[in-house]
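Subject: Structure handover

Hello,

Here is the structure for your files. My notes follow below it.

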Amino acid sequence: MSQGPNKERNGSGGGTPRPLFDWGTLLARFGLVLALLALIVVLSVMSDRFLSWNNIVNILRQISINAIIAFGMTVVIIGRGIDLSVGSLVALTGVIGASIAVLGVPERGLEPTFLQLAYPWLAMGAMLLIGTLLGLWNGAFVAYAGIAPFIVTLAGLTMFRGGALAYTEGRPISGMPEAIYQIGNGEILWLPTPIWIMLIFLAVSYFLLRHTSLGRSIYAIGGNEEAARLSGIPVRRVKLFTYAFCGFAAALAAIILTSRVNSGQPSAGVAFELDAIAAVVVGGTSLFGGRGGVFGTLVGALIIGVINNGMNLLDVPSFYQQIVKGGVILAALLIERIVAKRR
């Protein structure tokens, strides 16, 4: 008598036969990739230029800056935080790095000295260091002062932008040395350097989240902060790390952007934080923390990049493009909510 219910739960005996394919689970796992493939098919039919090699490389290069920032943002959001200051951080680290890098440009007709050859590398090192320190600044107020991440990083957005404008008096710093210029405009093995940097940072971020105890701690804090604290995880230090990592990512993106535009622009990076958050959300990472990953973020950045590129090829006016992007983000949030309920 008692074996009946067990047989039913196990899907054997007289219970309902288990379907060969669980379409709901399939869509939950691969829905993003399927959506990306559907977009590619539709745009390929609508524009014969879309699937050309040059256009594919162009899309990857265009998304590289957003994707790098979004990988850092993914780590913060999984730990149940958010960073609204990354765009301003790109501007501030960019102008400071540019001011150091231009010292390495020799006078016309002269060969660069050994010290001048070192300045571009000093500039990039300084940008990464300053980006990490500014991330620590945000993280310290969140983790140790207990102020909401939204408020802390909103203040950072204003302060860092003001710092960039004050440092340059509102003027761009132009004339990068060749070593900096090659970072954003050079190629390695037939692919632009920014794409390689994006892929390497993707691998580093994935390894951090999936194969280290620190990554597991970030997921645990995002899932249930109090339970993580009771299990012995140093919650404050882990939170501090997530913001430092995000600051490092923004500085890495600033190096590419400074190189691409061949100058340090105090007005650079406006709304970068929104693009990064959009890539994270479209990529399936929960804004409530504890769930998501950088591969989903890459797919999210690709979906946004493909939509932008496709609409440009089809000559869709820019204001309609913003409406479409907003709709895609809203749809992603709706799908994420449905998938969360199924779990």
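Phe150 is found in helix α6; helices here are DSSP runs of H or I with at least four residues, strands are runs of E with at least two, and both are numbered from the N terminus. This is a predicted model, in which local features need pLDDT of at least 70 and side-chain atom pairs count only at pLDDT 80 or more, while totals for chains, interfaces and linings use all residues. Residues are numbered from 1 along each chain as its sequence is written, and side-chain values use heavy atoms, with hydrogens and water left out.

Phe150 is partly exposed, at a relative accessible area of 45%. The cut-offs are under 20% for buried and over 50% for exposed, with partly exposed in between (1.4 Å probe, protein chains only). The areas come from the Shrake-Rupley method with that 1.4 Å probe, and for residues only the protein chains shown count as cover.

Phe150 also belongs to a nonpolar surface patch of about 630 Å², together with Trp137, Phe141, Ile147, Ile151, Leu154 and Met159. Patches are made of residues with over 30% relative accessible area and no salt bridge; like charges are joined within 9 Å, and nonpolar side chains (Val, Leu, Ile, Met, Phe, Trp, Tyr) within 5 Å. Helices α5 (114–143) and α6 (149–168) each supply at least two residues of the patch. The largest share, four residues, comes from α6.

Helix α6 has 20 residues and reaches 28 Å from its first C-alpha to its last, close to the 28 Å expected at 1.5 Å a residue (the expected span is 1.5 Å times one less than the number of residues). Its buried residues are Val152, Thr153, Gly156, Phe160, Arg161, Ala164 and Thr168. They cover an arc of only 160 degrees around the axis, which puts them on the same side of α6; the arc is that of the directions from the helix axis to the C-beta atoms. Thr158 and Ala166 are exposed on the other side of α6. The cover over the buried residues includes α4 (86–101), α5, β1 (173–174) and α11 (235–261), with contact meaning heavy atoms within 4.5 Å.

Just after α6, Glu169 takes a positive phi of about 55 degrees. Glu169 is exposed, with a relative accessible area of 58%, and forms a salt bridge with Arg171, the closest N and O atoms being 2.9 Å apart. A salt bridge is a side-chain nitrogen of Lys or Arg within 4 Å of a carboxyl oxygen of Asp or Glu.

The structure holds four salt bridges. In one of them, Glu225 meets Arg229 at 3.2 Å, N to O. These two are four residues apart in helix α10 (residues 225–230), which separates them by about one helical turn. Glu225 is partly exposed at 24%, and Arg229 is partly exposed at 38% relative accessibility.

Glu225 also forms a salt bridge with Lys239, with the closest N and O atoms 3.1 Å apart. Glu225 lies in α10 and Lys239 in α11, so the pair ties together parts that are 14 residues apart in sequence. Lys239 is buried, with a relative accessible area of 15%. Through shared partners, salt bridges join Glu225, Glu226, Arg229 and Lys239 into one network.

Last, Ser205 lies in helix α8 (residues 193–211) and is buried, with a relative accessible area of 0%. Leaving out residues up to four places away in sequence, Ser205 touches Phe71, Phe245 and Val294.

Regards
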